[in-house]
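Please look over the model shown here.

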Amino acid sequence: MDTEGARTGRLSLLLDQFDQAREMAEVRLTGLSDEEYLWEPVAGCWSIRRRGEAVTPRAYGPGEWVLDKGAPDIPASEYAEIARQAAGGMTVTKIAEDWSVSVERVEQVLAHTGAPEPDSTPVTTIAWRLGHLHSNFAGQWEWTFGQRRQEPKLLVDFTPSASLALKRFWTLIDRWRDSVAAVTEEQLDTVGFSQYPYGSDADDPYIAVLAGDNLEFIHHMAEIALLRDLRRARFGSPG
């Protein structure tokens, strides 16, 4: 293996990981049709819908199309994240605010023992996963490199067009990636360098936030790729 010229700095490693994941994702999303983008593999999926047709109580977005979001709760798949936040010093009150649940609910999760409860996290469409990523990274940019005042839920104009959604998404990702590439070593270690209001960013050094952003991108893109494979297996070629 040729390692000449390999970059080993903390930021370089995270950028290289992200760049490789992005390259793979772009290949896997090539030719995404509107039908694939909005395909609901099971009943009760979360997706994007016209505002008047939203079926979830907290669907959001600034325009005609909104992104499904359900009643606030903490799914069993996130119990480990709650424990990590508490172990990292976040107060129960702050965790409750971040998840929009009661303090009592957080205390129940932290006291949880035995087998996990059934996870109520819904199946989601490609449109939902892409919209969720777009909303997350738009908010991350605004509350790290922007004016730190715009509501993240109002930053993305969701669309039923797969090609338009991807065009807007990659444009945003390019801006986010360029800004991250200019972060200094001191900023990487700065707690609260990102003030993104949904999550623990304000309590974490930025290097930890970036690592989490990479994981968010990778796991949602993997899920999108799987949804494409499942649809192709069921219906044949995209379209």
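This is a predicted model: local features need pLDDT of at least 70, side-chain atom pairs count only at pLDDT 80 or more; totals for chains, interfaces and linings use all residues.

## Packing of helix α5

Helix α5 covers residues 103-110, and its buried residues are Arg105, Val106 and Val109. Seen down the axis of α5, these buried residues fall within an arc of 100°, so they line one face of the helix.

## Fold and dimensions

How many helices and strands does the chain have? There are nine helices and two strands. Along the sequence, the order is α-α-β-β-α-α-α-α-α-α-α.

The C-alpha trace spans about 55 × 50 × 40 Å along its principal axes. A compact globule of 239 residues would have a radius of gyration near 18 Å; the chain has 19 Å, which agrees. Contacts also reach across the sequence. Among those between residues at least 6 apart, 67% join residues at least 24 apart.

## Burial, surface and charge

Of the 239 residues in the chain, 43% are buried. The chain exposes about 12,400 Å². Carbon and sulfur atoms supply 54% of that area.

The chain carries 24 positive and 37 negative charges.

## Pro41: a loop residue

Pro41 sits in the loop between α2 (34-38) and β1 (48-50). Is Pro41 buried or exposed? Its relative accessibility is 16%, and buried means under 20%, so Pro41 counts as buried.

Which residues does Pro41 touch, leaving aside those up to four places away in sequence? They are Val123, Leu227 and Arg234. Leu227 lies 186 residues from Pro41 along the chain, yet the C-alpha atoms of Pro41 and Leu227 are separated by 8.3 Å.

## Arg148: a positive phi

Arg148 is found in another loop, the one between α6 (126-142) and α7 (162-181). Its backbone stands out for one angle. Phi of Arg148 is near 55°, a positive value in a residue other than glycine. Most residues other than glycine have a negative phi.

How accessible is the residue? Arg148 has a relative accessible area of 31%. Buried means under 20% and exposed means over 50%, so Arg148 is partly exposed. Pro41, by contrast, counts as buried.

Conventions: Residues are numbered from 1 along each chain as its sequence is written. Side-chain values use heavy atoms; hydrogens and water are left out. Buried means under 20% relative accessible area, exposed over 50%, partly exposed in between (1.4 Å probe, protein chains only). Helices (H or I, at least four residues) and strands (E, at least two) are DSSP runs, numbered from the N terminus. The arc is that of the directions from the helix axis to the C-beta atoms. The radius of gyration is taken over C-alpha atoms; the globule rule is 2.2 Å times the number of residues to the power 0.38. Contact means heavy atoms within 4.5 Å. Accessible areas come from the Shrake-Rupley method with a 1.4 Å probe; for residues, only the protein chains shown count as cover. Lys and Arg count as positive and Asp and Glu as negative; His and the chain ends are not counted. The place of a charge is taken as NZ of Lys, CZ of Arg, CG of Asp or CD of Glu.
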